[in-house]
Amino acid sequence: MKKIIFISFFCLSLNTPNGFAQKVETDITACTGMLTVLEQLQSDLPKQAIEKTLDSVLLTRPYKVMFEHYNRDWRPNHLPKEIFKRMILSLKFPSQYKLGDNQRADAMFPYWKNAFDNIETFKKNLSMLEEAALDEMIQEGVSNAQKWLPKSMKIPDFYFFVHPNGGSNAFAINGNQGYDFFQLKTDVNGNIDIQSLVDLIAHESHHLGLKVSAPEFKNPKDSLGYSFLQIFVAEGTASKFVDNMPGGFVDKISEGRSKNTDAEIMEIWRGYTLKESELFNAFEGDMKAIYDGTYSQKDVRERMLTFWLQGKKGRAYFLGAELFGAIYKAFGKRELFYVMEHPRFLLKYYNKAVRQLNERTDGKILLSDWLMEIL
């Protein structure tokens with residue numbers, strides 16, 4: 001039942017040099033591995049035997065990458081491997097894990113419980129995934145993403161995998177793209193929604209291709225301010241241009257549907273729109289805390305986790321989309337791509353864009369003058 005697909009294809013629409021081939025290794029074996037674990041959890045096998053199977057699955061590349069994603073340097077020990085393992089074992093052995101032991105595992109548990117209780121649905125979805133034309137989907141997604149990246153930024157070859165997760169529905173890290181099997185969208189007939197997966201691939205491919213410059217600053221506060229500013233770049237540009245998200249000051253950049261959305265996400269986005277001025281004030285407040293010495297690097301990381309990146313679509317997605325959306329609306333792709341390559345100029349270009357557009361320059365959207373003097 002294991003299936004690993006290696007795809008090499010040439011994307012004419014990627015505007016790549018002659019002879020360039022996008023190589024993608026596509027792997028769905030983590031799904032078959034975890035199906036075995038779930039079936040064993042429903043069997044009479046002893047805990048030791050099931051644990052051995054689970055350990056072998058968690059040693060595979062998809063889960064190694066998943067743990068890298070959840071335990072990045074700005075959130076170390078966010079999801080320890082042992083915690084994740086015990087959470088899964090608790091489906092049959094409740095004493096292995098208790099809600100409250102780990103916030104991330106707590107959020108994952110309902111997905112695993114649903115899979116445990118509905119193994120036939122798991123098998124049906126896995127069968128559909130095995131039959132899907134993943135090579136064509138990836139090609140389309142990569143092509144869509146490359147259109148919104150400067151020529152200096154090329155989406156690299158990458159490892160694409162689908163795995164039972166229960167947390168992030170998709171993520172990109174170190175040349176890898178991971179997608180949560182549990183959260184693949186389905187259509188009204190219960191079949192995997194191919195277009196939604198294409199949209200997700202485009203979003204994550206955009207992240208892989210985006211290479212933000214890393215200038216050296218003499219002032220440590222500038223270095224910290226720049227690292228804070230970067231969290232608005234990747235998600236903001238992907239949300240606004242690849243996902244075609246609406247906004248407050250800057251609406252959709254093109255006609256047609258918004259991508260990578262559902263009713264919950266759109267409700268979250270509407271809430272951000274209603275509180276747009278508050279979000280800009282919060283942004284300025286955080287930048288001020290950095291430059292007056294109130295925030296340390298640890299404080300900035302904590303603020304990212306508990307405010308800007310909190311939830312299904314963090315506030316940084318919306319604010320970043322507004323910042324870059326204004327620049328595109330005022331100046332077009334050329335200046336947009338320049339700022340994506342050099343985000344230290346983001347705030348200055350944003351204010352120029354607002355003034356050129358001559359809309360809502362009453363202080364609620366226009367950034368304070370002192371922010372034009374930093375970086």
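Here is a short tour of this predicted model, with something to select at each stop.

Two notes before you click. Residues are numbered from 1 along each chain as its sequence is written. Since the model is predicted, local features need pLDDT of at least 70 and side-chain atom pairs count only at pLDDT 80 or more, while totals for chains, interfaces and linings use all residues; side-chain values use heavy atoms, with hydrogens and water left out.

**Stop one: the core.** Select Phe84 and Trp112, the residues with the most contacts inside the largest nonpolar core, which has 125 residues. (A nonpolar core is a set of buried Ala, Val, Leu, Ile, Met, Phe, Trp, Tyr and Cys residues joined through side-chain atoms within 4.5 Å; buried means under 20% relative accessible area, exposed over 50%, partly exposed in between, with a 1.4 Å probe and protein chains only.) Now stay on Trp112: leaving aside neighbours within four places in sequence, its contacts include Met34, Tyr63, Phe84 and Phe182. Contact here means heavy atoms within 4.5 Å.

**Stop two: two asparagines.** Pick Asn77, in the loop between helix H3 (61-70) and helix H4 (81-89). (Helices, H or I of at least four residues, and strands, E of at least two, are DSSP runs numbered from the N terminus.) Its phi is near 60°, a positive value in a residue other than glycine. Is Asn77 buried or exposed? At 63% relative accessibility, Asn77 counts as exposed.

Then jump to Asn260, in the loop between helix H10 (231-242) and helix H11 (263-274). Phi of Asn260 is near 55°, again positive in a non-glycine residue, but Asn260 is buried, with a relative accessible area of 11%.
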